[in-house]
Amino acid sequence: MTSASTASPRPFHIPQPGSGLYCGAVSLGKLARQFGTPLYVYSADQILERLRLFQQAFAGHDTLVCYAVKANSALAILALLAQHGAGFDIVSGGELERVLAAAPDSAGRVVFSGVGKTPAEMDFALESGILEFNVESEAELELLADRARRLKRKARFALRVNPDVFAETHPYISTGLREHKFGIDIRRGLALYKSVAGNRWLEAHGISVHIGSQIRSADPFGAALERVHRLVRQLDRAGIPLCSIDAGGGLGIDYHGGSFDAAAKVREYAQALENALDGYTGRLLLEPGRFLVAQAGALLARVLHVKRNGSKTFVITDAAMNDLIRPALYQAHHEIVPVRPRAGKPRVVDVVGPVCESGDFFARDRSLAPLAPGDLIALLDAGAYGMAQSSNYNTRPRPAEVLVEGRKARLIRRRETIADLLAPEIHVIED
Ligand SMILES: *Cc1c(COP(=O)(O)O)cnc(C)c1O
């Protein structure tokens, strides 16, 4: 048994009765006093623990874990992952700039996904020398060849194929069906690789697949990889050997916490992939995002008011949908825990933010320990697609971010100011 398999699913815990909630060895109450709220807090230790699970589960293959930057693109987190051997999956030129700012030597471990790459983004990635472009259409492949020819830099590419497998998840984050905008119909893959085989500016480097996000079962990953492996063997026979298979990301977590065993989940996922890749000896790329960072993070908020309207009780916090949009966007569930629980009977409440939208809620009809103005709460499992999807709606400065490493907490992004928000705007004051 590795220690990881017995570890708690989250780093947030109450070490002793009455001590309040901690992230690892650091008190959240103290962090709130020091840095204010709303505040994102992440555990570096848990992120690395999750990275190691992936790196070790595929020990039989030459494996590169390319963290999906869009899940949480904080420079400090990118640097942490790069130091421990991760590569990166990016979906924009901006994300490539982030990766190079955080880890200047990691271009050779970057794969570039996304359905709408611009010529400028392609040029930047070609000049940086990324590992491969995951190409999502025939037109994109033509454009890539053209940019590579102009820059006289050969482009390594992988076709992102669409395997037409159904993955049970929220419809907004399911991507592996023929009707979705993502990827190239796998049935056209062989012909497309063949059609560019003679192009001196394109190198058929790999093949990739990504069927969606927050997928709880390992089966659809196995089904997708089986289809991809079949195509790889066909390509081999056709004289087009590939260096790598990129299995994408998408492995889900349990937002309800409880008995979630991350190590067992990764083993099950690895087994499904290994079964599908039986006999494959090339390199394996993986693109986990959420699984590495979601449970490592919490959004810390302070209760502003407790208000009754008719039969309902609303707990209004200083965090809002602009800070964490997942409940509003995907009807997502986040566990909410008081940092210092009060005695008393639980009450059924809505936890909401101050933004002028009825969609601005974190929980509806949730039974929580009693809360009063001034109390701190933690919204758990907010490390992925939290800060990354935040906005300035209602002219709200985005939260600060803190990374906890062992006994130390480090500010990795200062709180925005209103001046930050106004800075790009152009206006004329008439007198
Ligand atoms: C979003 C995305 C990922 C990561 O998905 P998670 O669900 O966060 O693991 C990986 N690869 C591609 C191409 C993506 O678009």
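**Cavities and salt bridges in the predicted model**

The largest cavity is lined by V306, T313, V315, R347, V349, L368, A369, P370 and L371. Two elements, β15 (312–317) and β17 (347–352), each give two or more residues to this lining; strands are DSSP runs of E with at least two residues, helices runs of H or I with at least four, numbered from the N terminus. The largest cavity holds about 50 Å³ of space, and the whole structure has three cavities of 30 Å³ or more. Here a cavity is a set of points on a 1 Å grid over the protein atoms alone where a 1.4 Å probe fits but cannot get out, with lining residues having an atom within 4 Å of a point; the volume is the space filled by probe spheres set on the points, which are joined across faces, edges and corners.

This is a predicted model, in which local features need pLDDT of at least 70 and side-chain atom pairs pLDDT 80 or more, while totals for chains, interfaces and linings use all residues. Residues are numbered from 1 along each chain as its sequence is written, and side-chain values use heavy atoms, without hydrogens and water.

Turning to charge pairs, the count comes to 18 salt bridges (a side-chain nitrogen of Lys or Arg within 4 Å of a carboxyl oxygen of Asp or Glu). One of them joins R10 and D381, with the closest N and O atoms 2.8 Å apart. These partners lie 371 residues apart. R10 is buried at 14% relative accessible area, and D381 is buried at 0% (buried is under 20%, exposed over 50%, partly exposed in between, with a 1.4 Å probe and protein chains only).

Conventions. 1 Å grid on protein atoms, 1.4 Å probe; cavity = no way out; pocket = protein on both sides within 12 Å on 5 of 7 lines; lining within 4 Å.
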